[in-house]
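I opened a notebook page to record what I looked up, one entry at a time. My plan was to begin with the overall fold and then turn to single residues.

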Amino acid sequence: MTTPLTVFACGACGHADFPRRLLCPVCGMDTFHEVEAGEGHVEEMTVVRHRAGGGDADEGGALATVHTVAGPRVIARLDVSARRGDRVALTIEANGAIVARHTDSP
Ligand SMILES: [Zn+2]
């Protein structure tokens with residue numbers, strides 16, 4: 001099961017962050033509401049050939065820094081064919097992994 005990634009927006013000033021913080025780094029308030037991060041753009045990528053402890057089934061992949069439309073940057077798994085600047089959709093898998101996938105929109 002996958003669900004769209006949500007980030008946390010400050011209830012006072014609207015500053016969005018991920019993961020959730022105890023206090024807003026901008027205004028210091030402690031109330032947040034969830035905002036769907038939706039999509040973002042790939043800023044940086046690192047190809048991971050083998051993760052420590054991944055075992056034989058671990059085929060590696062890429063980790064990307066994605067600048068979300070909502071504001072925060074998140075680290076997500078990404079197909080190695082992706083390129084910097086690509087537009088991706090962000091979801092959370094059942095195991096908690098954040099995954100970025102290409103979208104069809106330009
Ligand atoms: Zn704030």
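**Entry 1, overall make-up.** I noted before anything else that this is a predicted model. I looked up the secondary structure and found zero helices and nine strands, so that the pattern along the sequence reads β-β-β-β-β-β-β-β-β. I then checked burial, and buried residues make up 20% of the 106 residues in the protein. Among contacts with a separation of 6 or more, I found that 45% join residues 24 or more positions apart.

I followed the pairing of strand 2 (residues 6-10) with strand 4, which is antiparallel and runs over five bridges. Within this pairing, cysteine 10 stands opposite phenylalanine 32 in strand 4.

Five bridges join strand 9 to strand 8 (residues 87-93), and here the strands run antiparallel. Strand 8 and strand 9 form a hairpin with four residues between the strands, where glycine 96 takes a positive phi near 95 degrees. I wrote beside this that most residues other than glycine have a negative phi.

Which residues have the most contacts inside the largest nonpolar core? This core has 19 residues, and the ones I was looking for are Val7, Val66, Leu90 and Ala100. Strand 2, strand 6 (61-68), strand 7 and strand 8 each supply at least two residues of the core, and strand 2 gives the most, with four residues. I then listed the contacts of leucine 90 beyond its neighbours within four places in sequence, and they include Leu5, Val66, Val74, Ala76, Ile98 and Ala100.

Is alanine 62 buried or partly exposed? I found it in strand 6, and it is partly exposed, because 17 other C-beta atoms lie within 10 Å, whereas a buried residue needs 20 or more. Alanine 62 and leucine 78 are 16 residues apart in sequence and 5.2 Å apart in space, C-alpha to C-alpha. Leaving aside neighbours within four places, the contacts of alanine 62 include Met45, Val47, Leu78 and Val80.

I looked up cysteine 13 in the loop between strand 2 and strand 3, and it is exposed, with 12 other C-beta atoms within 10 Å. Not counting residues up to four places away in sequence, cysteine 13 touches Cys24, Val26 and Cys27. The C-alpha atoms of cysteine 13 and methionine 29 are separated by 8.5 Å. In the loop between strand 3 and strand 4 I found proline 19, which a cis peptide bond joins to phenylalanine 18, with omega about -5 degrees.

Key
Residues numbered from 1 in each chain as written. Predicted model: local features only at pLDDT ≥ 70, side-chain atom pairs only at ≥ 80, totals over all residues. Contact = placed C-beta atoms within 7 Å. Pairing = 2+ DSSP bridges. Core = buried A, V, L, I, M, F, W, Y, C linked by C-beta atoms within 7 Å.
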